[in-house]
Amino acid sequence: MHTETRPVPVAGLAVLVVAALLVLVPTWLRLSDQLWHLEAYSHAPIILAIVAWICWRQRHALAQAWQSHRVQRWESVLAIGILVMATLFYIIGRSQNLPLFESVGHWFFFIGATLWLVGWPGVRALWFAYLLFLFAVPIPGFLIMAATGSLKALISSAVEQGLYAFGYPVARSGVVLTIGQYQLLVADACSGLNSLYSLAALGLVYVYLAAYPQRWRNGWLLAAILPVAVLANFIRVLALVLITYHYGDEAGQGFVHDFAGFFVFGVALVVLFLIDLLLGMIARRRPTQAPLTEVMV
């Protein structure tokens with residue numbers, strides 16, 4: 001039986017890609033100049049690279065959607081609405097210098113263009129890419145302030161109590177720790193939100209790639225991301241305070257302080273991997289349902 005192959009509009013796709021780059025590149029240049037060099041937003045280029053890789057990984061599903069699905073009228077209407085929203089967000093963000101709005105406009109464009117070209121099956125194929133893309137959207141400053149306040153207080157209090165239990169001369173006033181002759185401010189970078197945001201994205205990628213059939217295992221891994229990030233940052237602040245107390249203020253700053261950011265990721269990944277190993281052992285010990293067997297009587 002002969003199956004008709006639907007031709008791919010190469011010229012149309014090329015025009016769409018060029019138009020998308022004309023919209024995306026200026027924003028990326030602005031973000032690289034204003035935000036991506038900051039620790040809080042440095043993960044965004046990596047996230048975008050992973051999103052691009054996921055799109056490439058799903059290319060066969062998209063090709064299958066193109067061949068087997070004809071875009072319905074409701075899909076076209078919805079795609080036009082989403083693309084209009086994308087345009088409005090982009091214009092507002094571009095004209096008012098609001099990277100958040102520009103990035104949200106990109107996100108809507110990403111979904112709208114997929115829906116327009118390959119319909120709902122294409123959107124389903126790229127659902128994780130859309131979710132991950134949100135982690136590249138710059139967080140508004142007031143949300144950072146609101147979220148870091150409680151984390152800073154929590155980590156500062158835990159470090160104070162931990163050091164006090166081992167006899168160190170430590171005291172705390174808010175998020176300022178005093179140990180010996182030194183005063184240390186637990187800043188936003190130490191509080192955990194920066195790494196929490198990046199680790200949440202990394203944890204999602206880990207669960208997505210692992211693709212465990214047990215939903216409970218995926219759920220526990222996702223639930224572990226927040227406590228793991230807080231634990232890793234507690235160890236980071238504790239180490240910096242001890243280095244400053246024993247070796248001086250200069251030793252606790254500069255390279256050591258910057259290296260501690262990478263240390264947090266290392267600790268968090270190791271802990272997350274150990275939790276996954278433990279969940280794997282539990283999964284192997286859980287009884288599996290025996291397959292049904294047909295019996296002739």
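This is a predicted model: local features need pLDDT of at least 70, side-chain atom pairs count only at pLDDT 80 or more; totals for chains, interfaces and linings use all residues.
Local features are reported only where pLDDT is at least 70, side-chain atom pairs count only at pLDDT 80 or more, and totals for chains, interfaces and linings use all residues. Residues are numbered from 1 along each chain as its sequence is written, and side-chain values use heavy atoms, with hydrogens and water left out.

**Helix α2**

Helices are DSSP runs (H or I, at least four residues), numbered from the N terminus. Helix α2 covers residues 44–57, 14 residues in total. From its first C-alpha to its last it reaches 20 Å, close to the 20 Å expected at 1.5 Å a residue; the expected span is 1.5 Å times one less than the number of residues.

Burial is judged by relative accessible area: buried means under 20%, exposed over 50%, and partly exposed in between (1.4 Å probe, protein chains only). Ala44, Ile47, Leu48, Val51 and Ile54 are the buried residues of α2. Viewed down the axis of α2, these residues fall within an arc of 115°, so they line one face of the helix; the arc is that of the directions from the helix axis to the C-beta atoms. On the face turned away from this buried side, α2 carries the exposed residues Ile46 and Trp56.

Most residues other than glycine have a negative phi. Asn97 has a positive value, and Ala211 also has a positive value.

Technical notes:
Helices (H or I, at least four residues) and strands (E, at least two) are DSSP runs, numbered from the N terminus.
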